[in-house]
Structure formats: structure tokens, C-alpha cells
Amino acid sequence: MGQAKAAMMEDEDNLGLVEFMEELIKRDELIDPAAGIAKQVIAKGVNSLSDKQKVVIEKVVDIYKRKNKCEICVDGNISCLSDYIYINENGLCPMCEYDREKFMRD
Ligand SMILES: [Zn+2]
């Protein structure tokens, strides 16, 4: 269990967790303690977090993912966490939005 959790966080890291946290802070999407922990992720990286802090960040990511789902692919085309920010603004993920624009042009 502990190990699975750690692996998951590494995954989130690869998906651009730091960038994602920067965007959330820029948009005032976070309140303390999540905001403070997000700032620590940005300054010192995910590995500087305690287990408790990691759980908070995981929850933030989880809730944001659930709140922002691509209407077309239902997140099948998501490649990084920042795509969820894009969905928040456009209702679609970048890939589906690209397809839609192409469709509109044709
Ligand atoms: Zn999509």
C-alpha cells in the first residue's frame, strides 16, 4: 500500500505535477493547507513532502480531475495534468479541441 502510493506520486510528478500546482496557485484554486503544500511542491519538489502532505496533494489532484472531465474522450486523451487546466477553460482536452477545430474548418 505504502509503496503503491509512492509510485503513484512519482507518476503524478512525471505528469507535470509542479507545473500543475503552479497553475492552480495562479488561478487561486487552492486554499490552505493545500496552497501552502503546493508552494512547497513548486519550491522543493514532491519528494520534500511528508506522507500527510502528499495525501493532501493527491486529494487536490483527484478532486480537480473529477471536476474537469473532457466531454468527448472522458480523459482518454489526457497526457499531463495541465490538460485538466485546459479542460477547465475549454470543456475539452487539448487533443479533442484540436480535432474539433479541424472539424469546424473543414
Ligand atoms: Zn478529450
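Author: A residue counts as buried if 20 or more other C-beta atoms lie within 10 Å of its own. In this predicted model, buried residues make up 21% of the 106 residues in the chain.

Reader: What makes Glu 89 exposed rather than buried?

Author: Glu 89 has 10 other C-beta atoms within 10 Å. The cut-off for an exposed residue is 12 or fewer, so Glu 89 is called exposed. Its place is in helix 5, and its C-alpha atom is separated by 9.2 Å from that of Asn 68, 21 residues apart along the chain.

Reader: Which residues of helix 5 are buried?

Author: They are Asp 83, Tyr 84, Ile 85, Tyr 86 and Ile 87. The cover over the buried residues of helix 5 includes helix 2, helix 4 and helix 6. After helix 5 comes Gly 91, with a positive phi near 80°.

Reader: Why is helix 6 said to lie largely in the open?

Author: Helix 6 has twelve residues and the number buried is one, so the helix lies largely in the open.

Reader: How do you know that the span of helix 6 agrees with its number of residues?

Author: Helix 6 covers residues 94–105, and at 1.5 Å a residue its twelve residues should span 16 Å. The expected span uses one less than the number of residues. The end C-alpha atoms of helix 6 are 16 Å apart, so the two values agree.

Reader: Why is helix 3 called roughly perpendicular to helix 4?

Author: The axes of helix 3 and helix 4 come within 10 Å and cross at roughly 100°. Angles of 65 to 115 degrees count as roughly perpendicular, so that is the term for helix 3 and helix 4. Where they meet, Ala 34, Ile 37, Ala 38 and Val 41 belong to helix 3, and Gln 53, Val 56, Ile 57 and Val 60 to helix 4.

Reader: What makes a set of residues a nonpolar core?

Author: Its members are buried residues of listed kinds, among them Ala, Val, Ile, Met and Cys, joined through C-beta atoms within 7 Å. The largest such core here has 19 residues, and Met 21, Ala 38, Val 41, Ile 87 and Cys 93 have the most contacts inside it. Two or more residues of this core come from each of helix 2, helix 3, helix 4 and helix 5. Domain 1 (1–67) and domain 2 (69–106) each give at least three residues to this core.

Technical notes
Residues numbered from 1 in each chain as written. Predicted model: local features only at pLDDT ≥ 70, side-chain atom pairs only at ≥ 80, totals over all residues. Helix = DSSP H or I, 4+ residues; strand = E, 2+ residues; numbered from the N terminus. Domains from an automatic or database assignment. Axes fitted to C-alpha atoms, helices over the stretch in contact; angles between N-to-C directions. Parallel < 35°, antiparallel > 145°, perpendicular 65-115°, else oblique. Contact = placed C-beta atoms within 7 Å.
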